[in-house]
Amino acid sequence: MRKPLIVSATAPEHFPHDMAVCSFAELGAVDIAAVSFLIIPLEADWQQGYADLQRIRRHVDFKIYLCPVLFLLSKKNIPPEILQAADGYVFADSEQLTKECNTWAARLEPVNARIEQLKILSDAGDSSLAFKVLRFIETRDTEFKPIASAREQKGFVYPPLLPLFPKDDISPFQVLDYLESQRLLTATFVSRSYSCTHCDCAFLNFFETCPDCGSNDLRSEELVHHFKCAYVGELSDFIQGEHLVCPKCETRLKQLGVDHDKASVVFHCNACSSIFQEPKIMTSCYNCWRETEPENQVSRQIQAYSITAIGMNAARYGMDSLLQSILESKLNVISHSIFKKILKLESERIARYKISTSSIVIMRLAGIETIYEKLGRRSSEVFNEISKALQEQLRSADVFSVRDENIFLILMPETPVQSADLAISRLNDRIVSLLTTNLNIDCTIHKTIKAVSSDIVLDQEIEHLLRTNAA
Amino acid sequence: MLLDSFSEFLSDLTLLKALAYFWPFFLIDMSRYLLLDFIVLIFYIPKRYRKRHAYAAARRRLFRERPLISVIVPGKNEGKHLAQLARTLTLQSYKNIESIIVDDGSDDETPLICRRLLRQGKITRFFRNEIRGGKASAANTALRYVRGKYVIHLDADSHLSPDAIEKVLLPFYMDDRIGAVGGDIRVANVNSTLATRFQTIEYFKTISTGRTVSSELGILRIIGGAFGAFRTDILQRLYGWDVGPGLDGDITMKIRKLGYKVVHEPFAVCYTNVPDSFRKLARQRFRWNRSLVRFRIRKHRDILLPSKNFNLSNFLASFDNIFFNLFLNMKWWLYLAQLLIIDPGHIEIIMLINLVLYGVANILEFGIAVALLAGTMYWRELALFVYLPLIPLYTGFYIRSIRSLAYLLEFVCRVSYFDKWNPWKVSNVVRNLE
């Protein structure tokens, strides 16, 4: 039977005394499998409680970051996007707190059951943000709908997902976009919003300007058409006291649609006296105050997301990278197990004949994750470029495989280490230049190049490369 | 057999008999159109030559003053013609022009085309009335915002020769009493179909020659909507155009009533696309002819009546139109009745001789037009002389039948008030008022 656990440096004032309390630092030592949900007290200053939630959600251990969290409220006027960031909330002064907690425990049991089904994919925990988001969505098994928020610069926010994001510069929109592009999530249209092309702020002021001088000091006038005499003039031409009288035939206008209509609207620019019907629409950003044409602002589709069957599978067993799928479509990528078999055969051949040298290259593109975090859907263009570079550098006899999201294995038959190093250096330069120069993304390629021999144990070499560079 | 009868009929023909058999030609059509045109142009052509220095002086005054000219183009669903019109405006010898296009509730790509032309700087302003109000309201929308000293009204399916605006403005600089000048309207799609070829010849006869003669006689009754220049102050004094159809003839009469002269300038050339099928042409002419009854006989009948504002030239302008177009149109039915009653045995021969007479008259009238406009005519227009023998059939039967039906229906049923040319709501209001 799972029990709630209060996460707080100090025990909150009102709480059932049979509930366990631990600090965030102690959370790692707790048997999280025995916890039904975590309770974070949200005091008058809700920032502290929200920060605690962020620390939990940013944990690398999926059992911790996915663990359901409830806020323990001592006040009611908490902003909705903060309240909705947790899985739920209970009131500290409720007389039936224990009963409520039991209800929540039952309600959250399916979430905990789904968390239990997940597999540990890496000893280092879940480091990919997209993967964490996917797992979070999978365990909640609900549609994640954005809410409009004046607090968020982007205008819309997915409250439960926001604490997962460590930095402001990585937008949940891009990660969700990416997951959708991988068909791991499915999206339904909610709204469309414009955001500033310079600072991504969604708070834009739309205003009409004169197409000639750009001033927004405009006056608009309705054009009135008098049916009887075909006179067309501005509404002010017709105003005589409290009545509308046609200046041409001096007939009093009776009823709109019967003896006259309003044909259109004209604008007068008070700055340059220009007259026009179609003012130029401009936007100014409330954040950076830059003025831009609406068509140059970023138009974003605001969507609600829910997980697909593929997404569920990926959340449980790991997620192939977009790069991997592109590489598989462009290059002859073989599976890791077959690669290992070919490597074994090659090492035996070399050991037997002792007349040639082949090389094994293990490459890791560190920082590749930030590409899709920064570029969202457009990351496929960059990945296409990377795959093109690989395609050009590899020979048809080379054997290529991918491990995890960012580790590439290349067997280069009949190639000495120096030649392999030269080829990989060229590849390295091209990829780094592509990412650094064009996109300002820091990407480092870690590599290990060795001559193929019977001493090589591939998994050990990969482990070594990861450890060395992690250090 | 027919030939024998023909020679027998001719041998029996005396002068009196000839007049009795062919009075519509000899007493009316030949004298009013052929002879009058000939006599007037005999004087006009040398006079025009003598006045060449006055025209040159007027041109100098025009270019020294260099007034802003507002070209207004109201229309509905005319987008496909506008690029060519805008291009010919940019090619004008007179450059100080503002062009204002008014889209009267088009439901095709016209607004997109106009916006593109505006972005490209090929037109000065574009107004769109989302709710269609009719051509007069569209023209009045433009008039509300013109800034020029003169307004040139163009039909959207027209385009101008490079010196058309300059030429149409010169009369204003030669006589201060001129309130409006009509440009010469010619056919753009000359060789599209037989219908357009017939209309090309007809336009030379009725517009180029006919209006020049009327203008010389001081009885010009219409400044065509396709190309007309107006003093802006006069248009504003009149608060623009009234509800059509026939709004161009109507405003011409209103300008005349104010005491201003209206003249035709045959060398200010505008090319317009005419209906390319006899069916479309019938619809157009049906509309035009109904307006004679509606405006001349109903709305401006005061011109015909004695009053303190009576003006002889205005009377003659209206009378000429009503008498020759309306009453004498009916003469043909009388004439046919006369032939059937008096001499049904010779009806084929008489009609054949009529065709020959009118054919010869058309050839002579075409010759007069060539003499007047030779320098501005194209070979493709001159080559139409081969169609001249067929014109009596076109005008004598086709046009005359449409005209008769239009007059009859307008008199009896006031059909112009139900015309789809105006929006229903406008027709409804006007029908209840007039």
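1. A residue is called buried when its relative accessible area is under 20%, exposed when the value is over 50%, and partly exposed in between (1.4 Å probe, protein chains only). Helices (H or I, at least four residues) and strands (E, at least two) are DSSP runs, numbered from the N terminus.

2. This is a predicted model, in which local features need pLDDT of at least 70 and side-chain atom pairs count only at pLDDT 80 or more, while totals for chains, interfaces and linings use all residues. Residues are numbered from 1 along each chain as its sequence is written, chains are lettered from A and ligands numbered from 1 in the order in which they are written, and side-chain values use heavy atoms, with hydrogens and water left out.

3. Helix α6 of chain A covers residues 129–140. 12 of the 12 residues of α6(A) are buried, so the helix is largely enclosed by the rest of the structure. Among them are A:Leu129, A:Phe131, A:Phe136 and A:Ile137, and also A:Lys132, A:Arg135, A:Glu138 and A:Arg140. The end C-alpha atoms of α6(A) are 17 Å apart, which agrees with the 16 Å that its 12 residues should span at 1.5 Å a residue; the expected span is 1.5 Å times one less than the number of residues. Just after α6(A), A:Asp141 takes a positive phi of about 50°.

4. Helix α1 of chain A (residues 46–57) has 12 residues and reaches 17 Å from its first C-alpha to its last, close to the expected 16 Å. Its buried residues include A:Trp46, A:Tyr50, A:Leu53 and A:Ile56. The cover over the buried residues of α1(A) includes β1, β3, α2 (62–65), β4 (69–73), α3 (80–83) and α6 of chain A.

5. Strand β1 of chain A (residues 3–7) is largely enclosed by the rest of the structure, because 4 of its 5 residues are buried. Two strands pair if DSSP finds at least two bridges between them. β1(A) pairs in the parallel sense with β3(A) (residues 35–42) over 3 bridges, and A:Leu5 has A:Leu38 as its bridge partner there. β1(A) also pairs in the parallel sense with β2(A) (residues 20–22) over 3 bridges, where A:Val7 stands opposite A:Cys22.

6. A:Lys447 lies in strand β23 of chain A (residues 444–451) and counts as partly exposed at 33% relative accessibility. Leaving aside neighbours within four places in sequence, A:Lys447 is in contact (heavy atoms within 4.5 Å) with A:Ile362, A:Met363, A:Asp421, A:Ile424, A:Ser425 and A:Leu465. The C-alpha atoms of A:Lys447 and A:Leu365 are separated by 8.8 Å, with the two residues 82 apart along the chain.
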